Amino acid sequence: MIPQVQESDYLYSTPKSFSTRAIHTGQHAEQIHGSVNVPIHLSTTYKQKAPGQPYSSFDYTRCGNPTRAALEECIADLEHSNHCITFSSGCAAMSCIINICKHGEQIICCDDVYGGTQRYMRNFTVKNHGIEVLFVDITDPENVAKAVTEKTKLIWIETPTNPTLKIVDIAAVCKIAKEKNILSVVDNTFATPYLQTPRDLGADITVNSGTKYMGGHSDVVFGSLTCNDKELYDRLFFSAKSQGGCPSVFDCYLIMRSLKTLELRVRQATKNAYIFAKYLESNPLVEKVIYPGLPSHPQHELVKRQQRGGGAMISFYVKGGFEETSKLLKALKIFTLAESLGGVESLIEVPSVMTHGSVPADVRNQLGITDNLVRVSIGIENVEDLINDMEDALKASH
Ligand code: P1T
């Protein structure tokens, strides 16, 4: 039986004119031929009238490009921000931000954070750059207040977290950060600007792996950051252009194209995920379901306060261990066993040996990233087909 649902069950509110802004902001008809779509400007360099006098603001594509500028204007608008910088990956956006910290300073990072973010912080930020990183359970804002020292320069928030879908109270943590003059960053990859706008809750910087929902078709690796403050933007832009992780112009075009359907995709995937999570909860071969949109999530009230819906990521524990989990993954026909998330197709993975394999084993165990924890990214397929696929595979695994 497919659970029957109403829109208000899985979407709590909607951002104003989201699709209108996604389709139009920064994307004006081109002046010479009237092309409706923003052209792909492949030129790496720009002719100048005289030395130091370019025709417009562009002189070299690593530092700026007309296609990219159109996209950046659009993303800034969707994230309720004044400025945006785009990157060749989410990790490039992350390292650009972290690299504005200096030797001897300190970062507080939520403990359950994407494995790649942890890898960068543990290996480069700490070991090579001499910046201390404290991994703290910041789902309790009190823990942030306790961890802050005079050296703290940045608080890194990811919410919902990857992969255990814990929720950080953005407003509460950013308030502490603001009082102490510390920069706050929110990785908004899982929620997307459609379901959550951290800037409205006091975050200084929002970062996204556009590889996920923004791109939405598992065919572009991309990242972005947004902020409001011009002086902060200038520091971040200096970091970005110096490190050189700018995105390809063709990828910018693909992301711009995908953003136009972000609302439609996220709405459908969220609806599917809510139905799918309810189904999982009813299956006796599933030990526990973690889905922010269900009342069983310990922070569901906070989710309803700070997100516009539960999103399309679900984690669950399969009854048994790695053997049952492996059998389940083998038996699935529609879900694809693969890392990443946010595409139109449903993906499934085992974080302990895939996305979070680089996290030390003791830290994984402490966070509950065990070998029977499975993470699914629900796509926009027919949800009945997804449920039937999972039902058959669960039966085959036990
Ligand atoms: O892959 P990249 O575009 O560099 O994005 C890194 C990243 C940043 N932040 C979050 C919350 C992420 O989930 C990721 C990438 N995550 C996966 C590939 C994954 O399967 O979880």
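Me: In which sense do strands β13 and β14 pair?
Reply: In this predicted model, β13 covers residues 347-349 and β14 covers residues 373-377. Three bridges join the two strands. Their pairing sense is antiparallel.

Me: Which are the edge strands of the open sheet of five strands?
Reply: The order in this sheet is β10-β11-β14-β13-β12, with mixed pairing. An edge strand here pairs on one side only. That applies to β10 (286-290) and β12 (336-337).

Me: Which helix packs on the sheet, touching β10 and β11?
Reply: Strand β11 comprises residues 313-318. The direction of the helix makes about 15° with that of β11. The helix, residues 262-282, is α11.

Me: Is α13 parallel, perpendicular or oblique to α15?
Reply: Helix α13 (residues 322-331) packs with helix α15 (residues 383-397), their axes 8 Å apart. The angle is about 140°. Because angles over 145 degrees count as roughly antiparallel and those from 65 to 115 as roughly perpendicular, this angle makes α13 oblique to α15.

Me: How many residues of the contact of α13 with α15 are nonpolar?
Reply: On the α13 side the contact has E324, K327, L328 and A331. These meet M390, A393, L394, A396 and S397 in α15. Two of the contact residues are charged and one is polar, while the nonpolar ones number six.

Me: What is the handedness of the crossing of α13 and α15?
Reply: The two helices pack at about 140°. Their crossing is right-handed.

How values were computed: Residues numbered from 1 in each chain as written. Predicted model: local features only at pLDDT ≥ 70, side-chain atom pairs only at ≥ 80, totals over all residues. Heavy atoms only, no water. Axes fitted to C-alpha atoms, helices over the stretch in contact; angles between N-to-C directions. Helix = DSSP H or I, 4+ residues; strand = E, 2+ residues; numbered from the N terminus. Parallel < 35°, antiparallel > 145°, perpendicular 65-115°, else oblique. Left-handed = near helix turned anticlockwise from the far one by under 90°. Contact = heavy atoms within 4.5 Å. Nonpolar A, V, L, I, M, F, W, Y, C, P; charged D, E, K, R; others polar. Pairing = 2+ DSSP bridges.
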